[in-house]
Amino acid sequence: MDCDKCDDEAVMHAAYSGLHMCADHFCRSVESRTRRRVREDNLLPDDASPDDPETWLIGLSGGKDSVVLTQILHDTFAEDPRVELVALTIHEGIEGYRDESLAACRDLTEDLDVRHELVTYEEEFDLRMDDVAVEDPMDMAPCAYCGVFRRDLLSKYAAEYDADKLLTGHNLDDEAQTALMNFFEGDVEQMAKHFDASLGAFPGAADGGGDRDGTPVRVSTDGPFVPRAKPLRDVPEKEIALYAQLQDLPAHITECPHASEAYRGEIQQLLFDMEENHPGVRHSIMAGYEDLAAMAARAYRDGGGPEYGECERCGATTTRAVCRKCSLVEAVHAAD
Amino acid sequence: MVTVEVVGEGTREIEPETLGADPTYADLVRAVDYSPHEVSVLVDDQPVPEDRAVDADHVRVLRLIKGG
């Protein structure tokens with residue numbers, strides 16, 4: 001079975017496009033889609049310059065998605081003096097799991113000569129996820145605690161490193177799952193937040209802050225939080241795994257022992273089944289959802305955003321007296 | 001007879017004829033209870049398109065890894 005673009009042996013079939021591709025054309029395709037997303041979302045503003053470069057903080061977990069993201073961003077921007085890349089790894093304190101993924105992060109950043117920073121839950125919060133998962137003071141899935149802690153640290157260090165943007169390795173499957181979850185929960189406000197926080201394109205200098213060529217752009221309603229972007233969000237998860245494999249990237253292959261998001265798992269299985277019977281479903285979900293989220297964002301913005309203050313304990317930006325992370329850390333230590 | 005090794009989970013023997021005429025690697029994947037969208041199929045450690053007709057007697061199936 002041959003590549004549709006040349007005569008080499010095909011390594012994959014993209015059912016949604018009908019294309020069979022060899023290793024080389026497939027990898028070029030993943031890179032092209034990522035770069036196109038960076039361009040279309042206007043991640044690199046016109047006024048970025050060698051004298052005033054953009055700093056992009058990459059959340060690097062050591063898993064396939066963030067490793068592939070770091071590699072492609074490096075290949076694209078390492079020689080571009082308008083962009084500085086910093087990779088941030090967070091060690092959650094999961095026995096045998098994060099130590100392996102950390103090794104992958106170090107291998108990659110050393111190979112690429114990308115600046116790498118490491119923070120740990122233990123140093124920041126005096127807790128480890130293995131203990132949190134056992135104590136479970138709020139009766140939540142481990143992912144729920146871990147997600148709050150991780151996002152807090154990503155935001156904190158993005159501010160500390162004066163990053164202009166925070167880039168994460170979310171893929172097409174991740175985003176389509178989130179879109180369906182928001183839709184099934186009927187959470188229109190969350191759709192609006194999703195758009196303005198990470199989904200919408202950045203306004204360009206020529207846009208005067210408005211919508212460009214009819215393409216909706218995000219308006220920052222996240223207060224002082226560093227804006228987020230997801231350059232891999234057009235690429236299916238399986239293709240990211242295949243890219244990492246073909247490029248021999250040091251992505252770790254150990255599964256988190258606490259991974260368990262039952263509802264998201266149901267959505268994931270639904271999407272697998274739909275995509276198998278109707279190739280292209282994930283792409284069409286995202287195309288429609290982006291428009292829908294843009295409309296929701298426009299509607300919710302008119303009401304003004306929430307009032308941001310500082311957490312009484314850690315000073316982080318929050319809409320509450322005490323931020324969610326401090327509340328959870330307190331609950332964990334109360335259960336010690 | 002095809003040996004299907006799901007890496008990290010174990011090995012199963014599958015008789016291709018039980019999957020219908022001209023089974024593909026996608027059929028093998030479904031036979032071991034996975035979606036073609038959540039695994040990569042390797043023949044001689046090279047990835048193969050899932051819609052290719054089964055032409056090997058040993059197949060490795062790599063699952064996507066979930067993060068924390």
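These are my notebook entries on a predicted model with chains A and B, taken up topic by topic.

**Entry 1. The interface**

I began with the place where the two chains meet. I counted 28 residues of chain A in contact with 22 residues of chain B. I then looked up the extent of this interface. The size of an interface is often given as the accessible area lost when the parts come together. For chain A and chain B the buried area is about 2200 Å², and carbon and sulfur atoms give 53% of that area.

I next asked how many salt bridges the rule finds across the interface of chain A and chain B. The rule finds three. One that I looked up pairs E9(A) with R52(B), with the closest N and O atoms 2.9 Å apart.

I then noted which elements of chain A supply at least two residues each to the side that touches chain B. They are β1 (12-14), α6 (142-160), α9 (237-246) and α10 (262-277). The largest share, six residues, comes from α9(A). By kind, the residues on this side of chain A divide into 13 nonpolar, six polar and nine charged.

**Entry 2. Helix α9 of chain A**

I returned to α9(A), which gives the largest share of the side of chain A that touches chain B. Is this helix enclosed or open? Eight of the 10 residues of α9(A) are buried, so the helix is largely enclosed by the rest of the structure. I listed the buried residues as E237(A), K238(A), E239(A), I240(A), A241(A), L242(A), Y243(A) and A244(A). After the helix comes D248(A), whose phi is positive, near 55 degrees.

**Entry 3. E38 of chain B**

I then turned to a residue on the other chain. E38(B) sits in the loop between α1 (25-31) and β3 (39-43) of chain B. Its relative accessible area is 14%, under the 20% limit, so E38(B) counts as buried. Leaving aside neighbours within four places in sequence, I found E38(B) in contact with Q269(A) and F272(A) on chain A, and with L62(B), R63(B) and L64(B) on chain B. The side chain of E38(B) also reaches the backbone nitrogen of S35(B) at 2.9 Å.

**Entry 4. The annotated binding site**

I consulted the UniProt record, an unreviewed entry, for chain A. Its annotation "binding site" covers C3(A), C6(A), C22(A) and H25(A). These residues are spread over 23 residues of sequence, yet they cluster in space, with a largest C-alpha distance of 8.5 Å.

C3(A) has 5% relative accessibility and counts as buried, whereas C6(A), at 23%, counts as partly exposed. Beyond neighbours within four places in sequence, C3(A) is in contact with D8(A), E9(A), A10(A), H20(A), M21(A), C22(A) and H25(A). With residues up to four places away left out, C6(A) touches C22(A) and H25(A).

**Entry 5. The annotated domain**

The same record, again as an unreviewed entry, places "domain: tRNA(Ile)-lysidine/2-thiocytidine synthase N-terminal" at residues 56-190 of chain A. I noted that this span is 56% helix and 16% strand, and that its end C-alpha atoms lie 25 Å apart.

**Entry 6. Salt bridges**

Side chains of opposite charge can pair when their charged atoms come close.

R37(A) pairs with D234(A), the closest N and O atoms being 2.9 Å apart. R37(A) lies in helix α1 (residues 23-40) and D234(A) in the loop between β7 (228-229) and α9 of chain A, so the pair ties together parts that are 197 residues apart in sequence. R37(A) is buried, with a relative accessible area of 10%.

D65(A) and K64(A) form another salt bridge, at 3.0 Å between the closest N and O atoms. I noted D65(A) as buried at 14% relative accessibility, and K64(A) as buried at 10%.

D196(A) pairs with R301(A), with the closest N and O atoms 2.7 Å apart. Why does this pair tie together parts 105 residues apart in sequence? D196(A) lies in helix α8 (residues 188-199) and R301(A) in helix α11 (residues 281-301) of chain A, so the pair joins those parts. D196(A) is buried at 6% relative accessibility, whereas R301(A) is partly exposed at 23%.

Finally, I recorded one network in which salt bridges that share partners join R37(A), D41(A), R233(A), D234(A) and E290(A).

Note on methods
Residues numbered from 1 in each chain as written. Chains lettered and ligands numbered in written order. Predicted model: local features only at pLDDT ≥ 70, side-chain atom pairs only at ≥ 80, totals over all residues. Heavy atoms only, no water. Contact = heavy atoms within 4.5 Å. Buried area = accessible area lost by both parts, 1.4 Å probe. Salt bridge = Lys/Arg side-chain N within 4 Å of Asp/Glu carboxyl O. Helix = DSSP H or I, 4+ residues; strand = E, 2+ residues; numbered from the N terminus. Nonpolar A, V, L, I, M, F, W, Y, C, P; charged D, E, K, R; others polar. UniProt positions renumbered as here; feature names shortened; annotations may be inferred. Buried < 20%, exposed > 50% of the residue type's maximum accessible area, 1.4 Å probe, protein only. Polar contact = N/O pair within 3.5 Å; in protein donor to acceptor, adjacent residues only side chain to side chain.
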